[in-house]
Structure formats: C-alpha cells, structure tokens
Amino acid sequence: MINDLLIVVVIAQTLTAATPLLLAGCGELVAERGGVLNIGIEGLMLTGCIAAFAVTAITGNSWLGLLVAMGAAMVLGAGFALMAITARADQIVAGMALNLVAVGVSGTVWRALQSHGVTELPASAGFSRGWFGWSGWSSFNDLPVIGPLFFDLYGLSIATAGLLLLTWWVLRRTRIGIVIQAIGELPDAAAAAGESVHRWRWGVVLFAAACAGAAGAFLSIMRTHAFVPEMTGGKGFVVLALVMFGRWRISWLIAGCLLFGLADSVQQQLQSLPGSRALPYQFFQMLPYVVALVALAGLSRSAPGPAALGKPWPVSR
Amino acid sequence: MIRFASITKTFSGVTALAGVSLTAATGTVHGVLGENGAGKSTLMRIAFGLERADHGAIEIGSSENRTSSGPRSPRDAARLGLGMVHQHFTLVPTATVTEACVLGASHGLGLVDHAAWQARIRATAAMLQWQIDPDARISSLGVGQQQRVEIIKALLSVGSVQGTASPFSARGVLILDEPTAVLTPQEVDELLPAVRRLAAAGTTVLFISHKLHEVERVCDAVTILRRGAVVHSGPVAGLSTQRMAELMVGTTVNLPSPARQPVTGAPALVITKLSERANAPAPRLTDVSFTVHQNEIVAIAGVDGNGQTALVRCVLGLDRADAVVTPGIPADQRLAGVERIGLIPDDRQHEALVMELSIERNLVLKDHHRPPFARYGWLDFAAWRAHAVDLVQRFSIRGAGPAATVASLSGGNQQKVVIARELHRQPKLIVAINPTRGLDVAASAEVLERLVSARDHGAAVLLVHHDLDELLSVADRVLVLFGGRMTDSGWPACDRAHIGRLMLGVA
Amino acid sequence: MWFSIASSFLPRVLGLALLMASASAAEPAVALLTTGSINDGGWSQLAKQGLDKLTAAGSRTTVVQKVSADQAGTELRDCAADGFDLVIAHGYEFLNPAAEAAKTITTTKFAVSGADVERPGIVSIDFDVSQASYQLGIIAGTLTKSGKLGFIGGGAFPSVKACYRGFVAGAKSVRADVTVAEAYTSWDQVAQNKSQTEAFISQGIDQIYPDVDAAARGVYEAIKEHNTANPQKLVWTYGCVGDANANPAAGQWTLASAIIRLDEAFAHVAKQVRDKTWKPGIVRENLATGTCVAVLNPVLLKGPIDAALQAKITAAGAALIAGTLTIPDERPAPAAPAAK
Amino acid sequence: MILKWAPMSEAIIAVGAATLALALVVGGLAIAGFSPWSVIAVGWAGIAGSPLRLAICAQEAIPLLMCGLAATLALRSGVLNIGLEGQYLLGAVAAVAVLTLGPVGSCLPWLALIAGGLAGALWCAVAVGLERGRGVPLVLSTILLNVIAIHVVGVCVQGPLHDPATAAPQSAMVPDGSRMPLLFAGTPLHVGFLVAVMLAVALWLMQRRTALGFELEVIGLNPLAARFAGIPVGRRELTAALGSGALAGIAGAMQVAGVTWFLSSDVRSYGYAGIAVALLGRLHPLGVIPAAFFFSGLDLGARQLERRLDIPHDLGDVTKGLALAAVLVAGALSRRLGSSRPGTP
C-alpha cells in the first residue's frame, strides 16, 4: 500500500518531529522580530512538559493540561520579561537564569508528583493521534498519502500549521505586524507613534512563552504520554538556532524545521539499516546538527536580524 | 490654532521652561527660535504629549478641545489634531513608506488596507506637489524624501484625511522640529513652499529652527526662547535677522571668519583616481581625485548618502579601495594609519568615545599602547592621569574631573574630549565629519575655532559637513560629492546656489 | 553572620547522624549511588527498590542520585566517611572511581553493579542479561511474521550490548534468516524513542526489544498507536531490566521481560559484607544465579506464547544454565587487568 | 553584557543576590515544613563541615572557575561564546588522548593541559571560522557545536580512546604517574586549583594593567570606537575567543587529569554553568572565584540535603537561577540609578 512507502513514512515522521520546533520557533520568531532574544526557550518547553503532565495526570483533563502548560510557561516568561524588559537587564543572562530555574522547578515538581504516586497519565487522558480525537476524521486516516500526512497527524501539528499561517498573515497584513517590526527594528519609532514598547515586548514574550509551553505539552501529553526529567534534550536551543537559520521569516523557519526533522527522521532509518554498525552510532545522532551547521555555512551570508534584537529599551546613555 | 499658556516644566530642580506663553493663529506658520537648550524641544514634547507640563495649559484647535496640561500621549495629541515631525526621523528602515505611515498614523490593530493607504499617501503627496512611491523601502530613500514621508505621516495621523479628501484641516497643527537641518539648499527651497501651501490650506505650522533666514522666509510670526523663557514674540515683518540673533543668543556671537590664506603647504593627503570596488553598494565612489595641503581646510559638501561615508572610510583605510595615496602612511598599514590621522567622526557617542569609561581613559585611547602610557604592554596609570589633567585644562573640558564617565558630560564637552584627544598631538592630517552636529551655537563656534587654529598651525584638514553655512565659514576650498563623483566648486568664485546645484547634480 | 549561628547547630545534627549510624549494628549500612534519577522507571529506580528491601531488612541505607563521574569520587568518600559498610555504585561509569576510592579506603566495601571487568579491591557485579535475552529472542524468532526484529538501546553500554547479543542469538536459533536492526537513541528523550520505533515499524519490523529505561515509554506508546490502528498487523515488544509486562501503555503486547533482580544481587553482596565473606572480584549474575531471568507475560500465556513455545524457552534456559549452550561473546577476555 | 567595574558595589550586588536567593529557597522549604535551621546547618556542614569538605568544595569549584574565567574573557570583550560546553569536552578528549595513549610521566598532566587548551581553542576556531568565512553567527554555530561535541566524545571513547579491557564506552584509566599531583594528601584537591586561581589573577592583571586588556575592554564596550581608534578589532576578538576556548579546554583537561582520570560517553560539561558563574561574579576575574565556590557549595549542600533530609537537590538549580536573576535585576537597577557615578580611573 502506498502509505507504507518509506517516503510517506519519513515525511510523516518529519512533520511530527518538526512540530515542537515549529511551535516554539513560531513564538520565538515573533519575540525576536520584536527585539527580544529569549534563550530560555528550553526551560519554558520543559516547564510546559511537566505542567501539562502534572495537570493531566491529576485531573485527567488533557485540555486543561494544555492550557496550564501554556499558562505556566507564561508565568516564567513573565519573570523573564520583568528582568529583560522592565528592569532592562541583559536578555541572554535573563534567559540563562530562566533555564536554571525551569530545570530545577521541573525536577522538584516531578519529585513531588512521584512521592504522591502520580507517575502515569490515566489511560483515557492525553491526546492521541488525529485531530484532537474527533472521531469523524479518523475514517480518513487510510486515504492514500493525505491520510498519514494530514489526518493521522497530531492535533497540535495541524494547529501549528494554522498558527504559522496566522502568524505569517498577522505579521504581513496587519498593523500588529508593523508595530512588531518597529519595536524590533527601531523602538523609538514605535514610541513616537504612541505605542508602548514595553507593553508590546511583554506581549511578544508572553506569546513566545505560551508557544513554548504548548510545544512542551506536545512532547509530554500528546506525543509520548510521559514525563522524564530533561526530556526536551536541548530542543529549545535547536529552536533558537532554527529561528536564526530562518532569517526571522516564517517561510524559512518552516524550511529549517522541516530540514532538521527530515535529517532526524533519516538518521533513524539509516541506523536501522544492516551494516550501519560499522560506524559509531553517535555519527548518526549528530547528523541533524551537522546538517544544520553545513546548511548554514552553505547559505549565503545570513541576514543581520532585527536591528534592536537583544537590546534593552530605552537605551540609557 | 494652538495656544500655550504659562507652561512651566522643571527636570530634577532645573527649570527647563518658565511660564512660556505662545499663540499660533490658524493658517499661519509660527517660528520658534532658540539655541540648543533654550527649551524649544521640551515645549514641543509637551505639546505632543511626550512630557507633561508642571503648570500651564495648552489649547488646540478650538475651545472645546482645551486641555489643562496638554495631550497625555502622542495618540491623544493626534486625536486633538496635532502632528509632529521630529528632528531625528522615527522611520523603521526596513519598512515601506506605507508601513511607516500606517505605524504612525493609525492606531488599530487589524487588517491593513494597503490600497487605501497608498491612495491617501499619493493624494497627500500630490497636494504638496511631491512625488512619493508608497512601496519604496525607507532605507532606499534619501534624507529629503524621508522627511517628506515624515510630514505625510504626521498629516495623516491627525485624522483629518478621509479617503482622498484634503489632508489639510482648519484645526490641524503640524510641528516641524528643525526640518531643514539635514537638507540641501535646493531641498530647503522645495520644502518651504510646501509649508506655505499647508498654511494656506488652513493648517497651523509650528516651525522650530535656529536658522534665521529660513524663519524670515517662511514664518508669519516668531517666538524667540532663551533659557526656557520667551524673550520676544511677534510678527516676523520688521524684525531683522541681526536682531533675531541677538535676542536668541543674548550676546553677539562671531562665527570664525574665513581668513583665507594662499595655499603654501606641502600636500598631506593626495587621493588619485579613487574608485570603490565594483561590488560596492551605490553610490559607488568613482575616480575621486583631490589633494589636501598643509595649512588648508578642504571641505566636502554633499547631500547625505552621496558617498561621504565611503570616502572617509577609504581615506582612513577601513575599507579597501584602489589608488589611495596618503603621504607618510603606506597603503598596507591601513589601521596603523588611523592612529596618525586626527579623526573627529560623525557620531561621537558610537564612533569616537566609550561612554562607560572615564574621560581619562577616553583621552588616552589612541596612545594607550605606547610610552609613556604603556611600556612593554604594561600600563602606567600615573601618566594617564597627568595626561588627562593637562588636556582637561587645555581644552577646557567641564565635568566632574578626569575620573568621571564620558556619559556624564554634556554633548559639547563630549566633543571637546574627542577634539582634545585627536588634536593635541598636532596631527598632519585631520579628518572631521559633521563636527558640530547637535551642538549649540557657542559650542559649535568653539569646535570650528579649534579646526581653524589647527589649520593655522600647519595641519591639513578634510572637513565633511552637513551645515553649509558653517562649512562656508571655515573652508579654504569646497569640493562637492554627488553620486560618488567629485566636482570642484571652483571656489572662491562661486556662491551658495552654485554649490547647492552641484550637490543635487543639476549644475 | 548567620553562617556562624548555623555552625553552632552543627554538633547536634552530626550527633543525630551518629546516633542513626549505631541504630542497627547487625545489618550492614548500605549506600547506593545511581547515575540517573531514582524515579527513572528503570535502571536506577530498580536499584532504589533493591535498596528499600535492604532497608526493610534492618540496614541503614542512603541513596545519592544523579551522580556524574566528576562527583563519584567525592560521594564514594562521603559514604565511607559516614560509616557505611558497603557502597553499591550502580553503573559502569562508577567502575574507575570506585577502584580509585578502594585504593585508600579499606573500612568500606565497594561494589559496582553493571561493570563487566574486574578491578582490584572492589566487587564488580556483571549482570549478564544475554541469557534471558536469548530466551526472549526465541519468542521473537518464533512469532515474527516478517522475519525482521529490532533492538533499541539508550547507549552502547556493556549490559545493553549483552541484551542485543542474546536476543540475536536466540532469534537465530529458531529461525536462521531473521535480521535484527540495532539502533541507539537516548535514555531520557521519550519522543526520540517513539520516532525510532515508528521507523522500525515502517521497515516491517514486528518484534521490538528496547533497553532504554524510562524512555521505553516512547517505544510502548508507538506500539500502542500502531496496534490500535492495525489490529491485523500486530507489533510485539519486550521489557528489559525492569518488569514491563504490565506497562500501562502496551502491556497486552509485551510478551516478556528480561529482568535483573537487583534486590537479590544487592542482598547477596550485603550478606557477604555482614558475614565477612566479602572479597574483591567479579560476581557474575545470570540465569543460573536466578538474578537475570526472563519473565513471560502471564496474560499472554494462553495466547501467542503457547505451551510448545514455553517448553522451548524452558529447555533453552536449562541448556544455558548447564553450559551446553553458550552465547557467542564478542567481548575481550576478562583477564586483562586495568593499567596501573 | 555591559557592566562597569566598581568592586565594592558589584560585590554588594552579587552577595546580596546570592543571599536573597538562598533566603527565598530556605523560606520556601520552611513553608514546606522543614526547619530552616536544620536546612542551613545540614547544608553548611555539607559544604564546610570539615577541612575535607572544604577541599571537596574547592575541587568541585575548579571546572566552574575555569569555565567562568573563559566566559569572563569572552563576554568582557563582547564575544558571545556560548560554546564553552563543547570546548570543555574537546579539551577533555585531547587530554585523555595525551594521558592514556602517551608515555607515563609527571610532566604529562601539564602537556595534557596544553593539549586541552589547544583543542578547546581549535573547537572555538571552527565557530569563529564559520562566522568570519560564512557569516554564521557565533551564538548559532556554538549551540550546534555543543551538541556535536557530546557525540564526538562518544565516538572517541568507542573508537580511538576506547579502553580495550571493557565493552563500556569509556577510555582507559590515566596511569597514576600521569595524574595531576594533589595539593593536600588525603583530599581530592589537586594542584589545578592553584593553577585556576593563578589564571584568575593573571586574567585580572591582563584586563586591568595591560594594553591588550584595555583594548579588549574598549572592544567589549564599543567595537566601533575601538576600530576608529586604530585597534585591530578582528584580531583582538579572535584572541579573546580563542583564549576563552583554550580556558574551557584546559578546564576539561584539568578535570580529566585531576579528578575523573578517565572519560566516558556520559561526561558532564560545565560550559553553561561557567557562563552563569561568570555573570554572578559580575564578569570580574576575581569575582568569579567566590561565584564558583557559591555554585559548587550549592551543589554539595543540595546533595547533602537530599541525603539527610530528603529535599530534592534540584532546588540547588533553582537557587542558582534565582541568584542569577537577582544579580541581573540589581545590576540593571544600579546601572540606571547610578549612571552619573564616577567610573574607576
């Protein structure tokens, strides 16, 4: 059957692997377009993982888990905004502090959950494949090609596609996009137009945090139905690299995430081939990262990025 | 119309405005004259809602719009019918003209109807008899064009434009903050009639300036501020420029008078057929040749963005180019050469000074690695201090002493630090780019004085300057750069108008 | 300074610790060092459970988790200084640090579990899961329809490689033409393991044996998803180290688990310390000692694992214990001692 | 990254922030029902309860201190080297290669440090080369190179550096004769501690008293002004980047030569922690020393608390993050309030 073809499987896996990257990347792209570099995305994703898992495991309500994951990430994101925007501290450092706190808090919460015996999601909880479990769609799963590549994906994968489209549209066609461009390129211009630079930057940071939280929820309550400490495994840092790789454009971000997902998916297929053991397995595991690096080096000189990226505002002299 | 009534404002104990009252009638152009620090900008920031007055009232348009202490925010100002064009443009370089106008002139968050906005921009431009491409990127526009975008944006923002109807309104007030500071004479000649057209259509224009002849040409009435207080207010007619200058400054200030000398010095900088590499961005420098002799100030005039930056970078050896000959500086020691040139760069805060460091450290910056300031790479701070104390005194740098940060100094004193560092070694060649930018009249005069004195002591000075008046007052020779090519103005047998035409490439 | 105030409390706290130390002199005091979190659902969690049994038996115990090789020396010395009679360093990474610690510390005995070589002064507990994995391989070789099997490891550690070796040998013993794909992922990235499993399934692999601790959850989730959607093309799986036969995700498709009875192994060493029969060397835990065994999923005994298959597994087990059947060992001879 | 040097107020900020973070966490534990006094007493005993504990604390501070110095050198010069993590690992790999493949000898640990420094600098040079040659931002390439470095370690300990005696992915043991000498017998503290402290002092002197240090500071504060003042900015930045890579590499080499004596695929890196330490030390080479002790003390104390009182040691990470956040906010506020404060001469 056509759906069993390697190419279809690899593409489907690529889409799934790219989903958390795209989701968190979409938020971070908006934040960076608005001039805020948050290297704490890794920590926010981890926060999303544990918050979604904890709430879903305790209440059995996956939707609540997803919401709380976004909310918890936004709370930490607010802490970051307080440091980096309101107090005008260095954004990179604030992001590092955020990562440290998030790793520690998620570990502590996990310990607390375990000491109360909460280590599994209830059987019925957690999102499954398909469009958030709407049964009507599942009959399309077996359609050739579009079944596995469209109907049998996870709900958040589809939602992410929609979010990317919406973000692209908002950035391109609405005044929101124009203001975000202004606060990222020349915050003084936005201020002169009567817009509050701080309020807008808070907005983009909270949006990025919500996206990262949702990406974390994808990993824990949707993709794997489990939590393991540090299960994000550096994906948040990959997201940062991909946003820069994507030159702060949605279309390039999508290309970058898909390329990374494809490399990951291909290395898994390669590892399964007989004879692959002639090479240490670490060669395969580093493949996606090497591909990303080579792709970057192969591209022409990358764009400089938003002019005010990483710079506190107002600049005090 | 707009009326300020007894506006008072203090910043941490320092009075910026002391009971300033001013009335600009509907459909007039009202000049606001004053030196830097006289309070013009503060008054306008209060009018535009960026600051709040401590006391006083502002009345805009008609009596029902009266507010006790002015608009609360720029948005509020726009609602009241007040638009402002800042001296420093607030245009996002990556945005298009349309996007810039949408950002500044509307406040919704929703979908942007690009077609409608483009129509409005075209209509407004047409009425001012301007050509504007709404899809052009701001970064691709010249300064004059950018200013037009700012004016259109301000007009659109006061909400008086409906569809393609007239952008002018009886209640609209437009503030132009030093609008001619960056323009060529020809661009000024195009701007001033447009200002008159605006007034004729019913808009009230506040014209902030310190250029007397422009006020004379365009304004109906003028208010002169000095140290936060009104020293004169009344119609322009019957007020001589000499009187205006006296009111503005308080005393008579003499710009250095061009004491022309016959060129006797040896060539200090010889540029022969300088061309940028083929892949350089436009305007690409092409076949630029000139010589600067000792005892001579050669001024380069030109509209910003015609290759001045590239020329300076090539002369300094920061960019590679063909055929630069600088006597005494081998072409391959490009960066070494920078140290020997006395350089007063355009943006002193970013290009010359390290704001976070002390005056002392900034003064030693170029010499830090040689004796007596360092031996074998090891620094001798005692020598630094002695050096700083000496220069602070010689160049009368006023501040909290050599250990104070440069950031704590006023703009004029910051520039003095740069000049002290660059000129105390009596370099053979001095390159100065817009050395008086942002300085008040007295400080400007002092800076130009220093350049002339250096010239008199034998230095060759290459001066790139945006202010044509100041440039003409000190230059021994004027060259004009247009589109990357250099033309000799034929000094001294030429006049302002001729230089202006050369700057626009229409001669 | 509040630090000096705190230090006045110090003697009291230390006195408390000493009091605890003398509480039960009969049973040895045992400390456990783990590489991972004691709630990792696998290797480290099982060790904690093993330790808990010792606690129940009256030993004073402590556990130090998430210890890296950098910190191992400190922690080993700490445990010795706290008067523990035995430190079980649970992971091959601790072999060298424990051997180093044993050079200077004689009061405390060190046992390294999961180590495959002998080092002077310490006990290396070598868990040979290859025999139990061989039995799992028999099931896989018998039940596979495609003839394609898969093995996923978290990293190429000795105990992991042993599982792979046994599994391959067992499968080939019943069906010579089977192929076993081998992939390595991560111990903590659940999503990565799920993707790897999906990649396996897409290649027609229908028996998957994971040795990735808690991240095996990803493997089971992938199998649950696949089997729910394709009940006619079932994929079967196994457990490793811990008993995964009742795992909540894919319990009904988990045929058997090759488990390590860490509690028994630990009790064994603890008993030697108590009875003063402890001596350095390598302890081989395997099918014969009853600590590394295959456990069939009881709910599937009437289904896929029929009586004939069960008999085959039992017979192979007997042969492995008797030594008439050996699994090819690609490891070097254990004779070579560490460089001095 | 722009910070001014005013030692006393910087120290007050850092100490205040650390105390605040500790107080918050201990207070949180008090709310959770733990006696704050026993928490402090047990934690303190774990850090400094005996000379041995102090020695352990110092030993664990070494890699943090070295990576902190590496971060200080880079960040002060405006070079955003996030790649310390990978440079540390490559330094460890090179050191193990020297120590286990070469002959045995007391000069070998020092050779290993040199090799580690070279390897760290080389790994950093890859990133710098990509930036200069291909325009790949340093932040981006180093993030990717950090991940790649972990796998490079894996490849090495399974391949060329693999210990043939075991199937485990780890290197052979460093022979006794090739190890870093210990500072005090009976403690694990090795002479690398002195080396690290001397490097801190050397770095401080370099930054404060040499023309190179002054140039790096100017570049860090305003690269454009540096360029216009005739400082060869590109070359100086390269010096800072490679220097920080070398320091991180030496950190990895020291850890292998002095503490672990072998390398496995599960090796731990201190690169990111080093950046945090440097920031808590307010990017001052001497401030980094107490900051490194604070971090290693937190680790030790948290592990003690977990063993004795069953308090999750993850709270140590939370404390670090809070301290960093507090120091950041306090620094930003003091900069804003004290913008007219005279600088140091």
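This report describes chain contacts, salt bridges and selected local sites in a predicted model.

## Chain pairs

Five pairs of chains touch, written here as the 5 pairs, and the most contacts among them are between chains A and D. Chain B and chain C do not touch, and their nearest C-alpha atoms are 35 Å apart. Over all chains, a search of the whole structure finds 53 salt bridges.

## Interface of chains A and D

Chain D brings 45 residues to its contact with chain A, and chain A brings 41 residues. About 3,800 Å² is buried between the two chains, with carbon and sulfur atoms giving 75% of that area. On the chain D side, D:Leu144, D:His151 and D:Leu328 supply 15% of the area buried against chain A, more than any other three residues.

Between chain D and chain A there are 2 salt bridges and 2 residue pairs in polar contact, where both residues have pLDDT 80 or more. D:Asp310 and A:Arg111 meet through their side chains in a salt bridge, at 3.5 Å from N to O. Helices α5 (108–134), α6 (138–158), α11 (271–280) and α13 (314–337) of chain D each supply at least two residues of the side that touches chain A. That side of chain D has 28 nonpolar, 8 polar and 9 charged residues.

## Interface of chains C and D

The contact between chain C and chain D takes 41 residues from chain C and 47 residues from chain D. The area they bury between them is about 3,800 Å², and 57% of it lies on carbon and sulfur atoms.

Across this interface of chain C and chain D there are 10 salt bridges and 13 residue pairs in polar contact, both residues being at pLDDT 80 or more. In the salt bridge of C:Arg119 with D:Asp163, the closest N and O atoms are 3.5 Å apart. The elements α1 (2–21), β2 (61–64), α3 (69–81) and α4 (95–104) of chain C each supply at least two residues of the side that touches chain D. By class, that side of chain C divides into 21 nonpolar, 7 polar and 13 charged residues. A network of salt bridges links C:Glu75, C:Asp78, C:Asp82, D:Arg53, D:Glu60, D:Arg303, D:Arg307 and D:Arg308.

## Salt bridges within chain D

D:Glu215 and D:Arg236 form a side-chain salt bridge at 2.5 Å, N to O. D:Glu215 counts as buried because its relative accessibility is 5%.

D:Lys320 and D:Asp299 form another salt bridge, with the closest N and O atoms 3.1 Å apart. Here D:Lys320 belongs to helix α13 of chain D and D:Asp299 to helix α12 (residues 288–309), 21 residues apart. Both D:Lys320 and D:Asp299 are buried.

## Chain C: overall features and two local sites

Chain C has 10 helices and 12 strands. Of its 340 residues, 61% are buried. Among contacts in chain C with a separation of 6 or more, 71% come from residues 24 or more positions apart. Chain C exposes about 12,400 Å², and carbon and sulfur atoms supply 60% of this area.

C:Ser37 sits in the loop between β1 (30–34) and α2 (43–56) of chain C. C:Ser37 is buried, with a relative accessible area of 12%. Beyond its neighbours within four places in sequence, C:Ser37 is in contact with C:Ser44, C:Gln45, C:Gln65 and C:Lys66. In helix α2 of chain C, C:Lys48 and C:Asp52 are 4 residues apart, so about one helical turn separates them. C:Lys48 forms a salt bridge with C:Asp52, at 3.0 Å between the closest N and O atoms. C:Lys48 is partly exposed at 22% relative accessibility, and C:Asp52 is partly exposed at 34%.

## Helix α8 and strand β9 of chain B

Helix α8 (residues 241–249) of chain B has B:Met244, B:Leu247, B:Met248 and B:Val249 as its buried residues. Their cover includes β3 (29–33), α7 (212–218), β8 (221–226) and β9 of chain B.

B:His232 is in strand β9 (residues 229–235) of chain B and is partly exposed, with a relative accessible area of 25%. Leaving aside neighbours within four places in sequence, B:His232 is in contact with B:Val222, B:Thr223, B:Ile224, B:Leu239 and B:Leu247. B:His232 and B:Leu33 are 199 residues apart in sequence, and their C-alpha atoms are 9.6 Å apart in space.

Methods. Residues are numbered from 1 along each chain as its sequence is written. Chains are lettered from A and ligands numbered from 1 in the order in which they are written. This is a predicted model: local features need pLDDT of at least 70, side-chain atom pairs count only at pLDDT 80 or more; totals for chains, interfaces and linings use all residues. Side-chain values use heavy atoms; hydrogens and water are left out. Contact means heavy atoms within 4.5 Å. Buried area is the accessible area (1.4 Å probe) that two parts lose on being put together, summed over both. A salt bridge is a side-chain nitrogen of Lys or Arg within 4 Å of a carboxyl oxygen of Asp or Glu. A polar contact is a pair of N or O atoms within 3.5 Å; within protein, one must be able to donate a hydrogen and the other to accept it, and residues adjacent in sequence count only if both atoms are side-chain atoms. Ala, Val, Leu, Ile, Met, Phe, Trp, Tyr, Cys and Pro count as nonpolar, Asp, Glu, Lys and Arg as charged, and the others, Gly among them, as polar. Buried means under 20% relative accessible area, exposed over 50%, partly exposed in between (1.4 Å probe, protein chains only). Accessible areas come from the Shrake-Rupley method with a 1.4 Å probe; for residues, only the protein chains shown count as cover.
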